[in-house]
Amino acid sequence: MIPKIHTQEIRLQDGRTITLETGKLAKQADGSVVVRMGNCMLLATVVSSRTASPVDFLPLTVDYREKFAAAGRFPGGFFKREARPSDQEVLTMRLVDRVLRPLFPGDYHAETQVMIQLMSHDEEVMPDALAGLAASAAIQLSDIPFEYPISEVRVARVEGMLVINPSKAQLATSDIDIMIGASEDSVAMVEGEFDEISEEEMLDAIAFGHQAIKDQIKAQIALAEASGKKETRTYEEENSDADLQKEILEATYQDFYEIAKKGLSKGERSEQFSQIKENFVKKLSEEELEEKGELISRYIKESQKKAVRDLILDEGIRLDGRKTTDIRPIWCEVDYLPSAHGSSIFTRGETQALATATLGTSREANIIDLPTDQGEERFYLHYNFPPFSTGEARPLRGTSRREVGHGNLAQRALKKVVPQDCPYTIRVVSEVLESNGSSSMATVCAGTMALMDAGVQISKPVSGIAMGLITEGDKFAVLSDILGDEDHLGDMDFKVTGTADGITACQMDIKIKGLRFDIMTQALNQAKEGRLHILKHITDTIDTPNKEVKDHAPKMIYRRIANEYIGALIGPGGKVIQELQKESGCTIVVTEDPVTEEGIIEILGTSPEGIAMVEAKIDSITFKPQVGETYEVKVIKMLDFGAVVEYTEAPGNEVLLHVSELAWERTENVSDVVNLGDILEVKYFGIDSRTRKEKVSRKALLPRPPKKE
């Protein structure tokens, strides 16, 4: 049976096209679509269970995978099969998840799985920019309840011009790289990195991307209508009890409001909030608790949330007593860890990050081997969020998606200020020791100071701040430096990082159905004030990078040699370089520059003497005497027909000083003129045409005696 295929085309501003196709693949899924741009093809499917899950939230899984076969490649490693997702795949999953999740009904709890896979790769197309479009299109073709279609695009600015979904080559020369997720009416997600741009430039890029998203949404609607849009399924809704909800609100709201107004610490506030719940529950019978326990917990949380939000909107007072624009108290310290190459502590309120910077050679670079990207990172950042940072004891199950996402944001914030010609591979690690709001921004601040403490010559220090939002009808409040509770109870988490001169990275998540541009503008301007306030605390602690790396940190020396000398430096089976590393205590890395066809030698060591030893060896191996020049030599071996001498400026380079070149007079015994260990000067004559060996002469530098009559 020939499948009935439906397609829809989206034309971009520069003439390129995106095609949506359904009806050919994965027809047993609730919805499936193939998105194609050039030779890049993504298959997106969505399946949702017909029965509700017992949990009180939406169990949504968004999975994105890049198949190596899509690029005509084999997976690396021992097992030739795709395994756990790479960090880049996890980041794409997060980009899609954050836009989709708020648009499912709040009472929809069915197990839902969105799967997106790269089936064909095109070097000119970056597939992550199409993943959000593919996911939304698949949902639109299903009967799964969903508010309205969304899409995502990447925006770059190349030579002053904004571009939708740029190629990798275009992105490499751009000063803006931003992913935007939005509905037809409002922006829901933003994430990107920038070369210190202004708030106005960022808003222009978002508006430009939003316009392209509107065209993609129209194409999704047209495709769904052409293929016969399904009626939205009926589903098992949450239990509700309006009378109980009203009773709980009347019994607890004012108490929550009064406690929220006290400006307590996180622990004290949590304890008193819990006491309100306990006081209410004590009044209920065991039968009521058994029958309506879940509803009671839900409605108490709703009452608490309403009280906190109303306090902020009505009185401008936050949970810790601050005003909406206030930043929590900050203290910083550098050089805290004596053995680290660079270290710092950044503490803001009840959030604390301890960062370290480690310096290494190119051998420590982070290797990237993906179907869509191959290369290496010479600067990378890892973020760790242990359970004790929030006072919890929970299982450790490896690096979470959240840790990958937060670490990537901090890395993007800082990498713009790390110099391109930095000789080191740099790894920054942030250990979050306390968390009550925006540990990723604390990581940016701590990372900046750790880099400066390590002696990395960053161009400018970077700070970061997380902004929140509370909305109710036409009323709204933008919050600077949000608490964890404000993130949980609020409508937005908008993280902005930058130097004193502009924005370097951002990440915005919206829990409501979208964000108006006027609110986003206020949030960005308020964030700038907060960033500069935090930046002053950083520069008061350490204002410029240390001029030198620490005594115990490795020093890096670069040398270049002609390719012909690489073999001599490495030696048979690596014998020479291994012995040299052992004797000098240095790490030596040899790579070849394909452009200049030279060998690049990285010498990394803590001992100046060891580094000098390696440099002397390289000088010795690459030493090439010039014809006609005079050189100082040392006698290292006596022979009947001459002396073996070694160039003092290149130990290990030996040449025979023939007995006939010792003096103008006839020399019977070599020892009559020179002895072992003598230092003398010789003139270099190059290769002797008769003996085919290098020739040096001592007598050529002596006055020639007059001829006898």
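The side chains of Glu694 and Tyr684 are joined by a polar contact of 2.8 Å. This comes from a predicted model.

**Around Glu694**

Glu694 sits in strand 29 (residues 694-697). Its relative accessibility is 34%, so Glu694 counts as partly exposed. Beyond its neighbours within four places in sequence, Glu694 is in contact with Pro625, Val655, Leu656, Tyr684, Gly686 and Ile687.

**Around Ser430**

Ser430 belongs to strand 17 (residues 425-434). Is Ser430 buried or exposed? Ser430 is buried, because its relative accessible area is 0%. Residues up to four places away in sequence aside, Ser430 touches Ala353, Leu354, Ala355, His382, Tyr383, Asn384 and Thr443.

**Separations**

| Pair | Apart in sequence | Apart in space |
|---|---|---|
| Ser430 and Thr667 | 237 residues | 73 Å |

**Nonpolar cores**

How many residues does the largest nonpolar core have? The count is 157 residues. Leu100, Ile178, Met202, Ile426, Leu451 and Phe494 have the most contacts inside this core. Helix 4 (residues 199-226) gives the largest share of the core, 11 residues. Another core, of 18 residues, lies apart from it; Ala643, Val645, Val682 and Tyr684 are among its members.

Leu451 deserves a separate look. Leaving out neighbours within four places in sequence, Leu451 is in contact with Ala357, Phe379, Leu414, Val418, Ile426, Val428, Val456 and Ile458.

Definitions and conventions. Residues numbered from 1 in each chain as written. Predicted model: local features only at pLDDT ≥ 70, side-chain atom pairs only at ≥ 80, totals over all residues. Heavy atoms only, no water. Core = buried A, V, L, I, M, F, W, Y, C linked by side-chain atoms within 4.5 Å. Buried < 20%, exposed > 50% of the residue type's maximum accessible area, 1.4 Å probe, protein only. Helix = DSSP H or I, 4+ residues; strand = E, 2+ residues; numbered from the N terminus. Contact = heavy atoms within 4.5 Å. Polar contact = N/O pair within 3.5 Å; in protein donor to acceptor, adjacent residues only side chain to side chain.
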